[in-house]
Amino acid sequence: MSITDPTSITGCVLWLDPDSLDAAHYDGDLVSSWTDETTNNNDASSSGTARPTFRDGLDFYHDQPTLEFNGGDDKLTIAADASLDNGEFTYALVCRLDDLRENSDPRWLLNKVNTNASTVGLRVA
């Protein structure tokens, strides 16, 4: 099954498409915002030095644009919104982990804190 437009999936409340970053960034740029492609405006943002790095993908990743997180403080945050609190989640993502040693700290790929302060996330331990 090929999905070219995730917003065609019933209930899609967030779609962060790396192609949308390609027109506004050069390889090596720090990314401070990533626009949600749905109509819910669940945009992701970051500030200061804790921003991921845009990679144009020309040298790797099959020429697809990506974001590179340093494994330290880089993150993107999405404000709490009722559209994200429906209790059910399906994540579709592509990632490459460079450092997943046995003794390394667990890495959060996704982490969501609900409006009632309960946390839902995907962690590689």
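## Confidence

pLDDT is the predictor's confidence in each residue, on a scale from 0 to 100. This is a predicted model, in which local features need pLDDT of at least 70 and side-chain atom pairs count only at pLDDT 80 or more, while totals for chains, interfaces and linings use all residues. Residues are numbered from 1 along each chain as its sequence is written, and side-chain values use heavy atoms, with hydrogens and water left out.

The protein chain averages a pLDDT of 75. A score of at least 70 is reached by 68% of the residues. Among the elements, β1 has the highest mean pLDDT (90). The lowest mean, 48, belongs to strand β7 (residues 119-124). Over residues 117-125 pLDDT stays under 50. The model still has 30 contacts (heavy atoms within 4.5 Å) for this stretch beyond four places in sequence. Where pLDDT is low, the predicted coordinates should not be read in detail.

## Overall architecture

The protein chain has one helix and seven strands. These are DSSP runs, numbered from the N terminus: helices are H or I with at least four residues, strands E with at least two. Along the sequence the pattern is α-β-β-β-β-β-β-β.

The chain has 125 residues, and 23% of them are buried. Buried means under 20% relative accessible area, exposed over 50%, and partly exposed in between (1.4 Å probe, protein chains only). The accessible surface comes to about 8,900 Å². Carbon and sulfur atoms account for 48% of that surface. The areas come from the Shrake-Rupley method with a 1.4 Å probe; for residues, only the protein chains shown count as cover. Of the contacts with a separation of 6 or more, 40% join residues 24 or more positions apart.

## Nonpolar core and surface patch

In soluble globular proteins, nonpolar side chains tend to be buried together. Here the largest nonpolar core has six residues: L21, V31, W34, A44, F54 and L67. Such a core is a set of buried Ala, Val, Leu, Ile, Met, Phe, Trp, Tyr and Cys residues joined through side-chain atoms within 4.5 Å. Leaving out residues up to four places away in sequence, L67 touches L21, V31, W34, P52, T53, F54 and L76.

L93 lies in the loop between β5 (77-78) and β6 (107-113). L93 counts as partly exposed because its relative accessibility is 41%.

## Salt-bridge network

Side chains of opposite charge can pair when their charged atoms come close. The whole structure holds two salt bridges. The criterion is a side-chain nitrogen of Lys or Arg within 4 Å of a carboxyl oxygen of Asp or Glu.

D27 and R55 pair at 3.5 Å, N to O. This bridge links distant parts of the chain: D27 is in the loop between α1 (19-22) and β1, R55 in strand β3 (residues 53-55), 28 residues apart. E68 and R55 pair at 3.3 Å, N to O. E68 lies in strand β4 (residues 66-68) and R55 in strand β3, so this pair ties together parts 13 residues apart in sequence. Shared partners join D27, R55 and E68 into one network. D27 is partly exposed at 40% relative accessibility, and E68 is partly exposed at 34%.

T35 lies in the loop between β1 (33-34) and β2 (44-45). At 44% relative accessibility, T35 is partly exposed. Beyond four places in sequence, T35 touches W15, L16 and D43.

N41 and N42 are found in the loop between β1 and β2. N41 is exposed, at 59% relative accessibility. Its phi is near 60°, a positive value in a residue other than glycine. N42 is buried, at 2%. Beyond four places in sequence, N42 contacts V13, L14, D36, I78, D81, S83 and L84.

C12 lies in the segment before α1 and is partly exposed at 22% relative accessibility. Beyond four places in sequence, C12 touches P6, T7, T38 and N40. C12 and L84 are 72 residues apart in sequence and 9.6 Å apart in space, C-alpha to C-alpha.
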